[in-house]
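Me: Could we go through this model together? I would like to begin with the overall fold and then turn to the details.

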Amino acid sequence: TDTLSDTLRAMAFNVKEHAVVSSRAASDNGIRIESTVSFTRAGGGSQFGQPVEVQSTGTRHITSRLRPDGVLTETTGTEASDMTLTIPAVGQSLPVKQSATFSVTLAPR
């Protein structure tokens, strides 16, 4: 288990992410590493000339596979979050659900 804080771009906003990462490794004709990440994000930006504040919570699941010689062969993952965009000038809040999947595979030679 580990924690991390980082600044990143989420949608059109600069946010600070705080995350707790829990990982475990298992033998699987090499090594399989499974990680679950719980995160919160806070930050803001501007849309159409209006300041916008962003708050978000979510989870990320990542599985990576390494060959016996240590070469990464595959990483797959999913992410889901619940976000609230607030426009302080008008007092309006918008709930947003975000989800994503990704996959990276070692190209054959």
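**Sheet and core**

Reply: The six strands form an open sheet in the order β1-β2-β3-β4-β5-β6, with antiparallel pairing. Strands are DSSP runs (E, at least two residues) numbered from the N terminus, and two strands pair if DSSP finds at least two bridges between them. This is a predicted model, in which local features need pLDDT of at least 70, side-chain atom pairs count only at pLDDT 80 or more, and totals for chains, interfaces and linings use all residues. Residues are numbered from 1 along each chain as its sequence is written, and side-chain values use heavy atoms, without hydrogens and water.

Me: Which strands stand at the edges?

Reply: Those are β1 (2-10) and β6 (92-105); each has a single partner strand, so one side of each lacks a neighbour in the sheet.

Me: How many bridges join β1 to β2?

Reply: There are nine, and β2 covers residues 13-27. Leu4 has Ala19 as its bridge partner in β2, while Asp2 has Val21. The two strands form a hairpin with two residues between them, and Met11 in the turn has a positive phi of about 60 degrees.

Me: Changing topic, which residues make up the largest nonpolar core?

Reply: Its eight residues are Ala10, Phe13, Val15, Val52, Val54, Met83, Leu85 and Ile87. Such a core is a set of buried Ala, Val, Leu, Ile, Met, Phe, Trp, Tyr and Cys residues joined through side-chain atoms within 4.5 Å; buried means under 20% relative accessible area (1.4 Å probe, protein chains only).

Me: Which strand gives the most to this core?

Reply: β5 does, with three residues.

Technical notes. Helices (H or I, at least four residues) and strands (E, at least two) are DSSP runs, numbered from the N terminus. Buried means under 20% relative accessible area, exposed over 50%, partly exposed in between (1.4 Å probe, protein chains only).
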